[in-house]
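These notebook entries record what I looked up in one model.

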Amino acid sequence: MVTIATVAGRTGISAYNLRFYEKEGLISVPRTKAGIRDFDEATESRINAIRHYRCAGLSLAFCQYR
């Protein structure tokens, strides 16, 4: 299981922002039976792409369609 804290550390995106991305529909994170987010490799790649777009000055609206 890869937790939100682990992904936050790997990507440099705060846990708060990761929750926001999920709420806004930018990422979809499966949960365990206990309700804990369990990030997979594809989701982590998507987060890195969003970070790349944001660093390039693009909006989150742009990221929604990628």
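Is the crossing of α1 and α3 left-handed or right-handed? I find that the crossing of α1 and α3 is right-handed; a crossing counts as left-handed if the near helix is turned anticlockwise from the far one by less than a right angle, and as right-handed if clockwise.

**Entry 1: basis.** I note that the model is predicted, that local features need pLDDT of at least 70, that side-chain atom pairs count only at pLDDT 80 or more, and that totals for chains, interfaces and linings use all residues. Residues are numbered from 1 along each chain as its sequence is written, and side-chain values use heavy atoms, with hydrogens and water left out. Helices (H or I, at least four residues) and strands (E, at least two) are DSSP runs, numbered from the N terminus.

**Entry 2: α1 and α3.** I looked up the axes of helix α1 (residues 4–11) and helix α3 (residues 41–55), which come within 11 Å and cross at roughly 40°. Axes are lines fitted to C-alpha atoms, for helices over the stretch in contact, and angles run from 0 to 180 degrees between N-to-C directions. The two helices α1 and α3 are therefore oblique to each other; angles under 35 degrees count as roughly parallel, over 145 as roughly antiparallel, 65 to 115 as roughly perpendicular and the rest as oblique. On the α1 side I list Val7, Arg10 and Thr11, which meet Glu44, Ile47, Asn48 and Arg51 of α3; contact means heavy atoms within 4.5 Å. By class, the contact of α1 with α3 has two nonpolar, two polar and three charged residues. Here Ala, Val, Leu, Ile, Met, Phe, Trp, Tyr, Cys and Pro count as nonpolar, Asp, Glu, Lys and Arg as charged, and the others, Gly among them, as polar.

**Entry 3: α1 and α2.** The axes of α1 and α2 come within 9 Å and cross at roughly 105°, which makes α1 roughly perpendicular to α2. I find Ile4, Val7 and Ala8 of α1 meeting Ala15, Leu18 and Arg19 of α2. The contact of α1 with α2 divides into five nonpolar, no polar and one charged residues.

**Entry 4: glutamate 44.** Which residues does glutamate 44 contact, leaving aside its neighbours within four places in sequence? I find Val7, Arg10 and Thr11. Glutamate 44 is buried, with a relative accessible area of 13%; buried means under 20%, exposed over 50% and partly exposed in between, with a 1.4 Å probe and protein chains only.

**Entry 5: salt bridges.** Side chains of opposite charge can pair when their charged atoms come close. I count three salt bridges in the structure, each being a side-chain nitrogen of Lys or Arg within 4 Å of a carboxyl oxygen of Asp or Glu. Arginine 10 and glutamate 44 form one of them, at 2.9 Å, N to O. Arginine 10 lies in helix α1 and glutamate 44 in helix α3, so this pair ties together parts that are 34 residues apart in sequence.

Glu22, Arg31 and Arg37 are linked in a network of salt bridges. The N to O distance is 3.7 Å for arginine 31 with glutamate 22 and 2.5 Å for arginine 37 with glutamate 22. Arginine 37 lies in the loop between α2 and α3 and glutamate 22 in helix α2, so the pair ties together parts 15 residues apart in sequence. I record glutamate 22 as buried at 18% relative accessibility, arginine 37 as buried at 19%, and arginine 31 as partly exposed at 45%.
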